[in-house]
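Hi,

Here's the structure I promised to pass on. Have a look, and then read my notes below.

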Amino acid sequence: MSSERVSVEHCKGINGLDKVVLREIRGSSAEVYLYGGHVTSWKNDHGEELLFVSSKAIFKPPKAIRGGIPICFPQFGGVGSLEQHGFARNRIWSIDTDPPPFPSSTSNKTYVDLILKPSEEDVKIWPHCYEFRLRVSLGPGGDLMLTSRIRNTNTDGKPFTFTFAYHTYFSVSDVSEVRVEGLETLDYLDNLQDRERFTEQGDAITFESEVDKIYLSTPTKIAILDHEKKGTFVLKKDGLPDAVVWNPWDRKAKAMTDFGDDEYKHMLCVEAAAVEKPITLKPGTPVFSDLCLAMNSSHFFSITGYLKSRTFIK
């Protein structure tokens, strides 16, 4: 699909991996690798990168790509029988040449449809059949949308249960100068203390050490204020009740081979997720989940990004 200034290009990326580059008329762009169905870049019309990807990211299976927007399915984190964050993020997805109609209309004309189905090896470790369809699209204003559609295709009539997250890595100037608003007074599970439950006490969340929290019953709007960039990401979601906030800080950053020692200063993960209460999906019943990022940087502390997630069972 292409026009004079709008294009969808299928090409080779790092280490020869297949990727799709989306370009919109005003200059915004996005890149998605078929490996992991993984968005690795989203730039505004000024060419500013809004997602963080580590300079040491390993673009080579079976290692997941460090940064961007990993898709955590069918397991978030390490609670469960599968590898950390499930296997969708380190499988090769295919171009979906004949996707079914979308439940809602969209004006986005720059997009790619991907699909993931289980391999024989996948079924051995997670004995369920499914179709995971993913549309990645760029809107005329530079907004980025990921629409996931998951369907249970088990022939034995059995439902399956999964957890899920859009593990978005936001690019920030200095995490110690960033604050997150909208999660005050909420309960959270602290992954650094065996998922013990606490209540957030501060007026806003700021960062001066490692954080790994799953906030529960979160609102539809969460703001990520970056003082040095004079900009704000606003995360909007509907249907994904949890919000994960993560930064590894210095000690864990140095322990990760695919992460620079000081890169923790320039990233923050704020993720729309369904973790505390797993989703149960019956055969033939689809689950829809949207992730939309848009930006407007024309005003001081204007909205330079918003993220919207929506999950519903039809």
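Leaving aside its neighbours within four places in sequence, which residues is Leu268 in contact with? They are Thr168, Tyr169, Phe170, Val172, Val175, Val178, Val180, Phe207, Ile224, Val245, Trp246 and Asn247 (contact means heavy atoms within 4.5 Å).

Before you go on: this is a predicted model, where local features need pLDDT of at least 70 and side-chain atom pairs count only at pLDDT 80 or more, while totals for chains, interfaces and linings use all residues. Residues are numbered from 1 along each chain as its sequence is written, and side-chain values use heavy atoms, with hydrogens and water left out.

Leu268 also turns up in the largest nonpolar core, which has 69 residues; Leu268, Phe73, Phe132 and Phe207 have the most contacts inside it. (A nonpolar core is a set of buried Ala, Val, Leu, Ile, Met, Phe, Trp, Tyr and Cys residues joined through side-chain atoms within 4.5 Å; buried means under 20% relative accessible area, exposed over 50%, partly exposed in between, with a 1.4 Å probe and protein chains only.) Strand β20 (residues 267-281) gives this core its largest share, eight residues. Strands are DSSP runs of E, at least two residues, and helices are runs of H or I, at least four, numbered from the N terminus. The protein chain has two helices and 22 strands.

Now the cysteines: the whole structure has zero disulfides (pairs of cysteine sulfur atoms within 2.5 Å). For Cys269, the nearest cysteine sulfur is that of Cys72, 9.2 Å away. Cys269 is buried, at 0% relative accessible area.

Cheers
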